Amino acid sequence: GNLCEMKLSIPPTIFGVDSDEVLAYTTTKKVWIRDRHLGVLYYSLIVAILGWIVGGQILWQNLHFVRKDVYGVPRMRPSIPTVGGCDPMDPDCKSAFQAVDTLPYCRESANPWDGAAPCRHEDSVDGDPDGTVDNKLFFPTAVEVITQHVDEHGDYIEGAGSDCLQGNYLCTKRGSNNGSFYYIADVAGFTVQFTSSYTRGEVHGSSLENTGFYEVCEEKLRTDNRTHKWAERLYKKFDCGGAKESKIPCQAGLKCSEMQEFDIFEQMKMKKLRASLMHRRKGHHGQQEESSFLGVGKGSHAAVEPIAGKAQEGSETMSVYQNPWGDVFTIGQLLKLAGADLDNDYNIDGWPTRQSGTVLEVTVKYNNLYPFLSSFGYTPVKYTYEVKEQPMPYVTRTSYSEEQPDGYPNIRKVEVRYGIMVWFKVGGTLGFFSSMYLLLFFTAALGLIGVATTLTDLIAQRTHPNFFHLQFDVSPDFSDLWTCKTCGFANLEQDTCCQGVPPYKCPKTTEKCNEPRPAESVKNDEA
């Protein structure tokens, strides 16, 4: 109803003062300009502001969620190349090493490269005898065995080398000892199984319960055999802002029902709609296995079933896959994703990475925010692997050989292993809805709407012929007015009586001062 007709229990006076004056409300007077051109300009700015704040910042980027860092425990398990990715500890599992005569960096090859050396196959125990003790794994690519003896001063010295690849280093023969240097054959075929846990607040779990992806940055992929010198490796910056995410496939020979049921209907509490759609699917296509909206099956853990005729001996080994125990990457795939190359990248001394080693940083980034959907309650956790190379001049491990010569410790064998250090980390952020952040964005939107109004006014003042006088009331020149001695009101020259009314009084309903114009003011004007 009409506000003036509302019967409110407010007294007409408060302490003898008119309550309408005490409780008076002040507002801004506005002008309604009926001009479609100004309207299009103003409302276009409003739509742009709301689209940027609501559509871009809130719905697309989910910036109204508080992002908190994820903590977790990483685990790695190395393995040699095996047929179908089988467990090398299984008695029936067979290795799938490439033959050394097919590897061009091996001297045993029919067409060896310059800088080729003898090659040997080693398993994961030989390569890393200390086992997995933290979040780092070392995969040797080259091994130099040095025989040292004590001289007359008590210092260990080594014999002169021959057939050396780098000065007096990487020598296949030292003194009378042959086989002092060799490459590890098919190191790119070795695999690493990654598993991790995550926690932040009340959200926790493991990679075994969620769907995994890996990041593919097109700029990192090597499409040719161009060499990268040390300076380029050290200072090269990759633009991976638009990197693609590829879903980790199931291991060949297994049928995986994915870890987490990524069901948008379940997450957004729309079970009835989901049931209705599934009923229609079954009605049109007959009884079939139920699957989720995003194509991910049911079950809190991976269900694995063998597929007949798959992953038999001689089948192609996958470079990345998932199984019930984790996500498996070959060393070759990690090098590819990092943009690294064992034979075409060189260190500060001109040694290729196969001879000097490098570091691969593997980060599993957890996330639960999705454009548009997360604002409506869809926040399942997923994870993505990001692989980077951290160039180092040398990555080595030095240790005593397992077998020592007669005369030890006066004569000893030392092994210097050059190789790839895989450094596995847990990262990422989980988003939690924040009403305060949402309020800040709406406050920013209101402020930008004020900017839109100001911008429209500035443009209209310079382009619209009538806008200025519609927006502003211009006062007369007070130097040309005469002043009433009774109330002090400044009157126009043509006024013979004072038109003033007291402050905070309505000029239409309040009696004017009506004090006659002083005669001296008329004389002054005439003079």
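Buried means under 20% relative accessible area, exposed means over 50%, and partly exposed is in between (1.4 Å probe, protein chains only). Keep that handy for the cysteines on this tour.

The model is predicted, so local features need pLDDT of at least 70 and side-chain atom pairs count only at pLDDT 80 or more, while totals for chains, interfaces and linings use all residues. Residues are numbered from 1 along each chain as its sequence is written, and side-chain values use heavy atoms, with hydrogens and water left out.

**Stop 1**

Select C487, which is partly exposed at 42% relative accessible area. The closest cysteine sulfur to its own is in C498, 3.4 Å away and too far for a bond; a disulfide here is a pair of cysteine sulfur atoms within 2.5 Å. Now click C498: its relative accessibility is 0%, so C498 counts as buried.

**Stop 2: the disulfides**

By that rule the count comes to four disulfides. Three of them are worth a look.

Pick C86 and C93, with sulfur atoms 1.8 Å apart. The S-S torsion is about 75 degrees, so this disulfide is right-handed. C86 is partly exposed at 23%, whereas C93 is buried at 15%.

Next, show C106 and C119, whose sulfur atoms sit 2.0 Å apart. The torsion about this S-S bond is -95 degrees, making the link left-handed. C106 lies in the loop between β4 (74-79) and β5 (119-120) and C119 lies in strand β5, so the pair ties together parts 13 residues apart in sequence. Strands (E, at least two residues) and helices (H or I, at least four) are DSSP runs, numbered from the N terminus. Both C106 and C119 are buried.

Then go to C164 and C171, joined S to S at 1.8 Å. Their link is right-handed, with 100 degrees about the S-S bond. C164 is partly exposed at 26%, but C171 is buried at 0%.

**Stop 3: a helix pair**

Select residues 36-60 (helix α2) and 435-463 (helix α9): their axes come within 9 Å and cross at roughly 160 degrees. The axes are lines fitted to C-alpha atoms over the stretch in contact, with angles running from 0 to 180 degrees between N-to-C directions.

Show side chains along the contact (heavy atoms within 4.5 Å). Residues of α2 including L41, W52 and Q57 meet a set in α9 including F441, L448 and T456.
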